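Please work through the following exercises with the sequence and the three-dimensional model at hand. Each task is followed by a solution in steps.

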Amino acid sequence: MSNPDTFDDEYWMQFAYEQAALAAEQGEIPVGAVIVSQSKIIGAGYNAPILLSDPSAHAEIQALRMACQSIQNYRLPEDATLYVTLEPCTMCVGALIHARIQRVVFATPEPKAGSLVSARQLLDSGYYNHKFVFEHGCMQAKCSAQLSDFFKQRRNQKKQIRLSKTSSND
């Protein structure tokens, strides 16, 4: 077993990927997140807005809630890093700023709602009282394939439902 201090971003992103798989099992969009501090996971979560009837139950928010509860503080430790399989949205970037995350590593960009490099670059605005460093591309192919496979499966299920309705009407 490796020394925990030598674990790299891919090591931690694998845990986020596993969280995303849990979301997919629940029929949720497969996004997973973990927050790491002092070489251990202090928070983990996956997308669950449908399951929890909560539009704010994104993977990042779920991981933030767990991390902050585990340290009994609404501000994260100075070494905290979030690993997430998809680029955070505006809501999640705002929450990460408030929690004072230091670093974010995301796997794949989100062209429609991503708020770090894609649709918006919120940290470039200059009006936030906290900035964090971020990077992307860690396990991008694997996480992107997980999302693509989920949506392909969902489209096929909807197609099957439409076909069964059409054939039952004949």
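The exercises below treat annotated residues, a strand sheet and selected contacts.

The model is predicted: local features require pLDDT of at least 70, side-chain atom pairs count only at pLDDT 80 or more, and totals for chains, interfaces and linings use all residues. Residues are numbered from 1 along each chain as its sequence is written, and side-chain values use heavy atoms, with hydrogens and water left out.

**Exercise 1. Identify the residues that UniProt annotates as "binding site" and describe their spatial arrangement.**

Step 1. The annotation, from an unreviewed UniProt entry, covers His-58, Cys-89 and Cys-92. UniProt positions are given in the numbering used here, feature names are shortened, and annotations may be inferred rather than shown by experiment.

Step 2. These residues are spread over 35 residues of sequence, yet they cluster in space, with a largest C-alpha distance of 9.2 Å.

Step 3. His-58 and Cys-89 from this set belong to the lining of the largest pocket. On a 1 Å grid over the protein atoms alone, a pocket is an open set of points with protein on both sides within 12 Å along at least five of seven lines, and lining residues have an atom within 4 Å of a point.

**Exercise 2. Determine whether His-58 is buried, partly exposed or exposed, and do likewise for Cys-92.**

Step 1. His-58 is placed in the loop between α2 (49-52) and α3 (59-71), whereas Cys-92 is found in helix α4 (residues 90-99). Helices (H or I, at least four residues) and strands (E, at least two) are DSSP runs, numbered from the N terminus.

Step 2. Buried means under 20% relative accessible area, exposed over 50%, and partly exposed in between (1.4 Å probe, protein chains only). His-58 counts as partly exposed because its relative accessibility is 22%. Cys-92 counts as buried because its relative accessibility is 0%.

Step 3. Contact means heavy atoms within 4.5 Å. Leaving aside neighbours within four places in sequence, His-58 is in contact with Tyr-46, Asn-47, Cys-89, Met-91 and Cys-92. With such neighbours left aside, Cys-92 is in contact with His-58, Glu-60 and Ile-61.

**Exercise 3. Give the strand order of the open sheet and describe how β3 and β4 pair.**

Step 1. The open sheet has five strands in the order β2-β1-β3-β4-β5, with mixed pairing. Two strands pair if DSSP finds at least two bridges between them.

Step 2. The edge strands are β2 (40-46) and β5 (133-136), each of which pairs on one side only.

Step 3. Neighbouring strands are turned by 15° against each other on average, direction ignored. The axes are lines fitted to C-alpha atoms.

Step 4. Strand β3 (residues 81-86) pairs with strand β4 (residues 103-108) in the parallel sense over five bridges. Leu-82 stands opposite Val-104 in β4.

**Exercise 4. Which residues does Gln-146 touch, and which does Ala-20 touch?**

Step 1. Gln-146 is in helix α5 (residues 140-169), and Ala-20 lies in helix α1 (residues 9-25).

Step 2. Gln-146 counts as buried because its relative accessibility is 11%; Ala-20 counts as buried because its value is 0%.

Step 3. Gln-146 and Ala-20 are 126 residues apart in sequence and 8.4 Å apart in space, C-alpha to C-alpha.

Step 4. Not counting residues up to four places away in sequence, Gln-146 touches Tyr-17, Ala-20, Ala-21 and Pro-30, and Ala-20 touches Pro-30, Val-31, Gly-32, Thr-85 and Gln-146.

Step 5. The side chain of Gln-146 reaches the backbone oxygen of Tyr-17 at 3.4 Å.

**Exercise 5. Which side chain makes a polar contact with the side chain of Ser-56?**

Step 1. Ser-56 is placed in the loop between α2 and α3, and it counts as buried because its relative accessibility is 19%.

Step 2. A polar contact is a pair of N or O atoms within 3.5 Å; within protein, one must be able to donate a hydrogen and the other to accept it, and residues adjacent in sequence count only if both atoms are side-chain atoms. The partner of Ser-56 is the side chain of Arg-65, at 3.1 Å.

Step 3. Not counting residues up to four places away in sequence, Ser-56 touches Ile-61, Arg-65 and Met-91.

Key. On a 1 Å grid over the protein atoms alone, a cavity is a set of points where a 1.4 Å probe fits but cannot get out, and a pocket is an open set with protein on both sides within 12 Å along at least five of seven lines; lining residues have an atom within 4 Å of a point. Axes are lines fitted to C-alpha atoms, for helices over the stretch in contact, and angles run from 0 to 180 degrees between N-to-C directions.
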